[in-house]
Amino acid sequence: MISNPLFSYWGHREKDYDTTLISEGYASAFKEEGSTLLVSFELKDADAKPFAAPLAEESGTSFLTILTDRQDWFREDTLFNYFDELTDQGFFDQFDQIVFFGVGMCGYAAAAFSVVAPGSTVVAIAPQATLDPTFASWDMRFRNKRRLDFTSRYGYAPKMVQGADKVFVIYDPSHQEDAIHAALFSGPNVALLKCSLHGHSAEADLEMIGALTEIVDAACEGEMSKPTYHQIMRSRRRSKPYAVTLLRKLRGQGRDKLAARLAAWASRRYDQTYFRDQLDEMEGREPRSAV
């Protein structure tokens, strides 16, 4: 086992896994538990916490996490070689079910590297299809990353998922760039799933309302589908965390009329001071909790 600063945010849990230093900016963690493998791509930052490892441990699922502290969209030859070696060794052949998961940049990687395991399932939240200006010159958010090579191996994510069994792309249709990237994923194996009003915070919001774990669990159990996704989201829309999240989004977007209606409904349903105070503030009254 190799100790690596990338795993510092895992605390001492690193010792429970087989870890590999892939390069200066990339490392992997693996634990074999069952015939299902969850492959996650995760970005380490100050507020990050591991996602796949604790989820896999709770469900008895094997996991392989690719961890980085770089924002280079996993476009590194040493990482390509790492996946080439895993494929040559027959690593992915030993699992009956394989799920690739990631968000944003990591969602791109989940889709792109899924090509190593034909018949797998991909769950990508707000992924980029590519940053190659030939295809994505309209996306001005990552202009300083356009020099990255998206034309070599594991390059154009929508093409890489063609061999997957099922591909679930979760995105916010009100976020124009994410919606266009999502539309580039097409084919009979692709399901575009709308997650309105969440934008780039979709992962945190879905995790807050408890939906993210259910979505990934369903994928690992081979039960993920459009109806399953909508059922999960419907069951969460009447939860208090969802109401808090949605209210913050609406207020941040300046949609106070709709936010006031939500706050009024939530204050009656949950009898929460937070919702009453938000309603008072929007209607120009002193919050009752301050009186």
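Me: Which backbone oxygen lies 3.2 Å from a polar atom of the side chain of Q97?

Reply: A polar contact is a pair of N or O atoms within 3.5 Å; within protein, one must be able to donate a hydrogen and the other to accept it, and residues adjacent in sequence count only if both atoms are side-chain atoms. For the side chain of Q97, the backbone oxygen is that of A219, at 3.2 Å from a polar atom. This is a predicted model, in which local features need pLDDT of at least 70 and side-chain atom pairs count only at pLDDT 80 or more, while totals for chains, interfaces and linings use all residues. Residues are numbered from 1 along each chain as its sequence is written, and side-chain values use heavy atoms, with hydrogens and water left out.

Me: Where is the place of Q97, and which residues does Q97 touch?

Reply: Helices (H or I, at least four residues) and strands (E, at least two) are DSSP runs, numbered from the N terminus. Q97 belongs to strand β5, residues 97-103. Contact means heavy atoms within 4.5 Å. Setting aside residues up to four places away in sequence, Q97 touches S35, T36, L37, T121, A219, C220 and G222. Q97 and L38 are separated by 59 residues in sequence, with 8.5 Å between their C-alpha atoms.

Me: What is the order of the strands in the open sheet?

Reply: Strands of a sheet pair through backbone hydrogen bonds, either parallel or antiparallel. Two strands count as paired if DSSP finds at least two bridges between them. Here the open sheet has eight strands in the order β1-β2-β4-β3-β5-β6-β7-β8, with mixed pairing. β1 (18-23) and β8 (190-194) are the edge strands, each with a single partner, so one side of each is left without a neighbour in the sheet. From one strand to the next, the twist averages 15°; for such values, axes are lines fitted to C-alpha atoms, for helices over the stretch in contact, and angles run from 0 to 180 degrees between N-to-C directions.

Me: In which sense do the strands pair, parallel or antiparallel?

Reply: Each pair is read separately. β1 and β2 run antiparallel over five bridges, and a hairpin of two residues joins them. Strand β2 (residues 26-31) is also antiparallel to β4, through six bridges; S28 has I66 as its bridge partner there. Strand β3 (residues 36-43), by contrast, runs parallel to β4 over seven bridges, with L37 partnered by S62. β5 and β6 (residues 121-125) are parallel too, over five bridges, and V103 stands opposite I125.

Me: Why is β4 described as largely enclosed?

Reply: Seven of the seven residues of β4 are buried, so the rest of the structure largely encloses this strand. S62, L64, I66 and T68 point one way, F63, T65 and L67 the other, and all are buried. T65 counts as buried because its relative accessibility is 0%. The side chain of T65 makes a polar contact of 3.0 Å with that of S40.

Me: Which residues touch the most other members in the largest nonpolar core?

Reply: In soluble globular proteins, nonpolar side chains tend to be buried together. A nonpolar core is a set of buried Ala, Val, Leu, Ile, Met, Phe, Trp, Tyr and Cys residues joined through side-chain atoms within 4.5 Å. The largest one has 47 residues, of which F41, I66, F74, F83, F92 and F113 touch the most other members. Helix α3 (residues 105-113) supplies the largest share, eight residues. Beyond its neighbours within four places in sequence, F113 is in contact with F41, F74, L79, F80, F83, F100 and Y154. Another core lies apart, with 32 residues, including F51, A53, A191 and C195.

How values were computed: Buried means under 20% relative accessible area, exposed over 50%, partly exposed in between (1.4 Å probe, protein chains only).
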